[in-house]
Amino acid sequence: MPAEETRTALVRRARKIDRVLAETYPDARCELDFDDPFQLLVVTVLSAQTTDKRVNAVRPTLFAAYPDPASMAAAEREDLERIVGPLGFFRAKTESLLKLSAALVEDHGGQVPAKLEQLVKLPGVGRKTANVVLGNAFGVPGITVDTHFGRLSRRFGFTEQTDPVKAEHEVGALFPKKDWVMLSHHLIWHGRRCCHAQKPACGACPVARWCPSYGEGPTDPEAAAKLLRTEGRA
């Protein structure tokens with residue numbers, strides 16, 4: 001946050017950026033496919049260190065074989081590994097799914113809990129995953145601080161925090177709770193399509209005029225336009 005910017009000015013600027021991003025990405029949403037809270041929980045766990053597109057590709061096969069926690073908890077490890085194999089780290093991810101499903105069956109009657117404190121106690125579920133599930137499956141306000149959200153919130157001057165939990169609280173304080181879920185989508189979509197970690201497309205950015213980090217990437221409109229992506233990472 002610039003030294004001369006007051007708290008009130010920061011709040012106004014932050015909300016202006018979010019409004020413009022909402023207009024820029026009217027279809028912004030969770031890019032992981034899911035039909036119910038259990039599916040969203042599982043695909044979010046699987047999305048670590050891979051892309052949403054790859055997770056979406058294995059999802060139909062995975063849930064055709066294991067449609068609920070009970071069936072997944074009883075899965076043969078080798079069969080589950082074979083399905084999630086294309087995602088990388090398949091042994092660790094298989095272990096997470098087996099433990100997660102068993103915990104849902106044993107501790108929650110086969111249902112995904114709708115409370116943060118219960119979700120984060122599940123094997124393989126951190127605060128980021130819990131907020132994805134709460135916001136997108138249950139409509140509970142939450143902020144998803146993934147790498148894109150963290151990077152953009154710092155570039156925009158919403159926070160200087162690199163700790164995800166501290167960043168979540170600082171950024172959340174700038175916005176009404178009702179806006180938290182869509183704010184997460186807006187920043188993540190913008191991070192995937194325009195405000196890249198390397199060479200952000202500053203010259204083609206719809207919120208450049210309100211961004212204190214303008215100039216980190218090419219400011220020439222034509223050069224910047226070539227960096228834009230029409231969708232998230234493949």
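Trainee: Which residues does S153 touch, not counting residues up to four places away in sequence?

Mentor: In this predicted model, S153 touches F158, T159, V171 and L187. S153 itself has its place in helix α9.

Trainee: Why does S153 count as buried?

Mentor: Buried means under 20% relative accessible area. S153 has 0% relative accessibility, and therefore it counts as buried.

Trainee: How do you know that the span of helix α3 agrees with its number of residues?

Mentor: Helix α3 covers residues 52-65, which is 14 residues.

Trainee: Where in α3 does the kink lie?

Mentor: The kink, of about 40°, lies at R59, shortly before the proline P60. R59 is also among the buried residues of α3, together with D52, V55, N56, V58, L62 and F63. The elements that cover these buried residues include α2, α4, α5 and α11.

Trainee: What makes up the lining of the largest pocket?

Mentor: That pocket has a volume of about 450 Å³. Of its 23 lining residues, the closest to the centre are S47, D52, K128, D146 and R192. Helices α8, α9 and α11 each give two or more residues to the lining, and α11 gives the most, with 4. By kind, the lining divides into 7 nonpolar, 9 polar and 7 charged residues.

Key. Residues are numbered from 1 along each chain as its sequence is written. This is a predicted model: local features need pLDDT of at least 70, side-chain atom pairs count only at pLDDT 80 or more; totals for chains, interfaces and linings use all residues. Side-chain values use heavy atoms; hydrogens and water are left out. On a 1 Å grid over the protein atoms alone, a cavity is a set of points where a 1.4 Å probe fits but cannot get out, and a pocket is an open set with protein on both sides within 12 Å along at least five of seven lines; lining residues have an atom within 4 Å of a point. Grid points are joined across faces, edges and corners, and a volume is the space filled by probe spheres set on the points. Ala, Val, Leu, Ile, Met, Phe, Trp, Tyr, Cys and Pro count as nonpolar, Asp, Glu, Lys and Arg as charged, and the others, Gly among them, as polar. The expected span of a helix is 1.5 Å times one less than its number of residues. The bend at a residue is the angle between axes fitted to the seven residues ending there and the seven starting there. Buried means under 20% relative accessible area, exposed over 50%, partly exposed in between (1.4 Å probe, protein chains only). Contact means heavy atoms within 4.5 Å.
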